[in-house]
Amino acid sequence: MTESGEDAHRTAQAVARRSYGKLVAFLAARTRDVAAAEDALSEAFAAALAHWPATGVPDNPEAWLIAAAKRKAIDAHRARRRSEGASPHLALLAEELSIAPGTTQEIPDERLALLFACAHPAIDEAVRAPLMLQTVLGFDAATIASAFLVSPAAMSQRLVRAKTKIRESGIPFRVPQREDLDERLPYVLDAIYAAYAEGWSDPAGTDTSQRELASEAIWLGRLAAMLLPGEPEALGLLALMLHGEARCAARRSDAGDFVPLSEQDTAQWNGAMIDEAEALLRRAAQLHAIGRFQLEAAVQSAHARRRVAGAPDWNAVVALYDALWEKTASPVIAINRAVALAETKGPRAGLAALDAVNASALSQYQPYWSARAHLLARAGDHDAARPAYDRAIGLEIDPAIRRFLQKRKAALGGGQ
Amino acid sequence: MEYMLVLFSDPKGFAAMTPAQMEETAGAYYAYTQALQKEKALVDSRRLKPASDATTVHVEQGKSKVLNGPYIETKEELAGYYLIDVPDLDAALKWAARCPSAHHGHVEVRPIWPMPG
């Protein structure tokens with residue numbers, strides 16, 4: 001390959017990375033057919049790799065790709081409809097996709113509309129995050145499947161089904177009007193957070209697809225915050241993810257051991273990310289509409305205070321969990337609140353709060369048992385702490401956390 | 001796009017109504033149908049007699065088998081439909097939420113196969 005050939009190759013790849021979601025959104029918003037848009041674009045990228053090394057990179061690569069993808073989409077449509085005779089839809093499609101080749105016209109950014117389509121309540125909740133990762137970021141089904149612990153065949157089937165549902169049921173590609181935005185935005189933010197949470201479970205970065213997932217989810221969060229700057233929960237979600245990501249390096253020792261938040265070396269926290277998260281939270285607060293993500297980010301902010309003040313603001317943490325409990329009534333929140341309460345009122349108060357949580361729903365929830373074990377140990381009740389540690393160890397997936405819990409249990413001394 | 005709003009409700013609820021409640025419900029459906037008409041979204045609508053009046057037919061090896069009752073017995077039964085023509089699913093979901101059946105029963109929103117030609 002000549003030097004300009006290599007240039008063209010690199011440009012094609014750079015455009016692919018930067019513009020993939022934008023181009024899918026542009027095409028799909030006009031045809032409602034996500035799968036056809038993806039197919040047409042992948043052919044257009046292949047054509048670019050074949051042509052650009054010889055002809056040079058066009059001035060407006062995105063417009064070139066759209067024009068090429070448009071031709072492919074129309075060809076594919078024509079092939080499908082051949083048996084049914086001429087379709088008026090073809091002319092419509094050509095018109096809707098019209099953007100003059102060689103133009104310097106900016107491709108409108110409709111990725112937010114694509115996010116709202118992917119996270120539409122008519123789409124199965126479990127597939128919303130994977131669908132966003134595929135359509136906006138171009139992840140393949142196998143990568144998404146491994147991150148979400150699903151077989152590639154099952155994941156690709158779910159993705160295909162969701163795209164068919166978008167096309168056949170007429171799910172709109174549109175950012176909802178004000179009256180509906182409050183109802184629909186949480187679906188989008190939840191799906192982004194679900195993608196982040198999948199990535200978060202692998203802090204050591206041993207599984208690259210998961211590690212990538214966390215940073216790509218942050219990228220989606222940035223996109224949502226940038227396109228919806230007046231939505232405090234979009235800012236809150238980004239702040240929450242940045243606080244989590246800032247501690248990534250501190251969550252494992254050099255030996256790969258799990259380090260709990262309270263023992264993390266704050267020098268290893270990413271100060272720039274924390275500062276950005278704090279600035280986002282301040283901006284969100286000025287919009288005067290508190291929500292779940294802002295509260296959860298504020299909890300992380302109270303923990304991050306240890307960096308400058310030497311200790312977390314436990315009173316703030318308890319108050320924030322109280323507010324979260326009011327909003328969500330989630331048992332997971334109740335567990336976190338009990339642990340925070342133990343810091344302000346002592347382990348017995350924490351245990352009493354934990355006893356009030358509906359334990360039957362949590363019998364297989366590892367954090368419940370590790371919180372219980374931890375508080376019992378701190379209260380000096382080692383005999384009760386040991387079996388609670390055993391439950392937690394038996395339920396844990398991550399070997400580093402399992403080792404950590406085993407060490408804690410061994411430190412209690414005494415029986416098995 | 002055309003959608004069918006398929007209405008499901010418990011006929012016992014209707015049977016238990018006082019005449020005043022029945023009149024109120026009928027008024028609500030009338031107003032809803034009017035609103036759909038005014039917005040030029042209504043294609044067609046019909047109310048069905050109860051499932052206890054249904055007869056089900058299945059042909060097996062050339063012989064027609066006739067069964068008394070609906071194909072599927074459910075507490076909430078198919079009670080009627082609205083065929084509407086609106087721009088997209090969100091518009092259809094909005095109309096479904098306004099339908100009185102959505103309050104005392106369920107409304108299933110189904111896209112219609114477009115007819116060729």
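## A helix pair in chain A

Helices α16(A) and α17(A) are roughly antiparallel to each other, because an angle over 145 degrees counts as such and their axes cross at roughly 160°. This is a predicted model, so to speak of its geometry is to speak of computed values. The axes of α16 (residues 331-345) and α17 (residues 347-355) of chain A come within 6 Å, and the crossing is right-handed.

Who touches whom here? On the α16(A) side you'll find I335(A), R337(A), A338(A), V339(A), L341(A), A342(A) and K345(A). Across from them, α17(A) brings P347(A), A349(A), G350(A), A353(A) and L354(A). Sorted by class, the residues of this contact come out as nine nonpolar, one polar and two charged.

## The sheet in chain B

Over in chain B, four strands make an open sheet, ordered β2-β5-β1-β6, with antiparallel pairing. Its edges are β2 (42-47) and β6 (105-111) of chain B, each of which pairs on one side only. Ignoring direction, neighbouring strands are turned by 20° against each other on average.

Take β1 (residues 2-9) and β5 (residues 77-85) of chain B: this antiparallel pair runs over eight bridges. At one spot, S9(B) stands opposite E77(B) of β5(B).

## A helix across the strands

Helix α2 (residues 19-38) of chain B lies across β2 and β5 of chain B. Relative to β2(B), α2(B) runs at about 160°.

## Where the chains meet

How many residues of chain B are in contact with chain A? Six, and they meet seven residues of chain A. The chain B side of this contact has four nonpolar and two charged residues, with no polar ones.

Definitions and conventions:
Residues numbered from 1 in each chain as written. Chains lettered and ligands numbered in written order. Predicted model: local features only at pLDDT ≥ 70, side-chain atom pairs only at ≥ 80, totals over all residues. Contact = placed C-beta atoms within 7 Å. Nonpolar A, V, L, I, M, F, W, Y, C, P; charged D, E, K, R; others polar. Axes fitted to C-alpha atoms, helices over the stretch in contact; angles between N-to-C directions. Helix = DSSP H or I, 4+ residues; strand = E, 2+ residues; numbered from the N terminus. Parallel < 35°, antiparallel > 145°, perpendicular 65-115°, else oblique. Left-handed = near helix turned anticlockwise from the far one by under 90°. Pairing = 2+ DSSP bridges.
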